[in-house]
Amino acid sequence: MATFKPNVPVIQKEPVVSVDVTPAAPLSVGVHTFILTVVDDSNNESDKVKIDVIVKDTDRPTAVLDVVDKNGKIIDAVVAPGASFILSAARSKDTDPGKIKEYRFTMDPA
């Protein structure tokens, strides 16, 4: 079990380390570079090697579609013939820290 901090080596005798993250301290979405240097029993250091680990958001966002009045209040999805109405996806969300970047409204031809 190891908590990694930028530029602070985690030194151990075992060749395997667990990168432990918590909800309070997650790795952000994106590329994180980890560096390894090994030292032999004569205190010779190896060259540094690097690996990029990609943290990718794989949780799907939740879409919520409502009919709202001009003030944004949710109303019944029943409208009179010839009446205009407002569709709102304002209650749609993504898992933090993700943000929805696009809303696609399409009328089903059925």
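User: Why is I51 called exposed?

Analyst: Exposed means a relative accessible area over 50%, buried means under 20%, and partly exposed is in between (1.4 Å probe, protein chains only). I51 has a relative accessible area of 53%, so it counts as exposed. You'll find I51 in strand 2, residues 49-55. Keep in mind that this is a predicted model, where local features need pLDDT of at least 70, side-chain atom pairs count only at pLDDT 80 or more, and totals for chains, interfaces and linings use all residues. Residues are numbered from 1 along each chain as its sequence is written, and side-chain values use heavy atoms, with hydrogens and water left out.

User: What does I51 touch, leaving aside its neighbours within four places in sequence?

Analyst: I51 is in contact with H32, T33 and F34, where contact means heavy atoms within 4.5 Å. The C-alpha atoms of I51 and H32 are separated by 8.3 Å, with the two residues 19 apart along the chain.

User: Okay, what about D66: buried or exposed?

Analyst: D66 has a relative accessible area of 11%, and buried means under 20%, so D66 is buried. D66 sits in strand 3. Not counting residues up to four places away in sequence, D66 touches I74, I86, L87, S88 and R91.

User: What makes R91 and D66 a salt bridge?

Analyst: The rule asks for a side-chain nitrogen of Lys or Arg within 4 Å of a carboxyl oxygen of Asp or Glu. For R91 and D66 the N to O distance is 2.7 Å, so the pair passes. This pair links distant parts of the chain: R91 is in the segment after strand 5 and D66 is in strand 3, 25 residues apart.

User: How many salt bridges does a search of the whole structure find?

Analyst: The search finds 2. One of them joins the side chains of E102 and R104, at 2.5 Å from N to O. E102 is partly exposed because its relative accessible area is 44%, while R104 is at 72% and so counts as exposed.

User: How many helices and strands does the protein have?

Analyst: There are 0 helices and 5 strands. Both are DSSP runs numbered from the N terminus: helices are H or I with at least four residues, strands are E with at least two.

User: Why is the protein called more spread out than a compact globule?

Analyst: The globule rule is 2.2 Å times the number of residues to the power 0.38, and the radius of gyration is taken over C-alpha atoms. For 110 residues the rule gives 13 Å, but the radius of gyration is 25 Å, well over that, so the protein is more spread out. The C-alpha trace spans about 85 × 30 × 20 Å along its principal axes. Buried residues make up 9% of the 110.

User: Why is F4 called partly exposed?

Analyst: F4 has a relative accessible area of 31%, so it is partly exposed. F4 lies in the segment before strand 1 (30-36).
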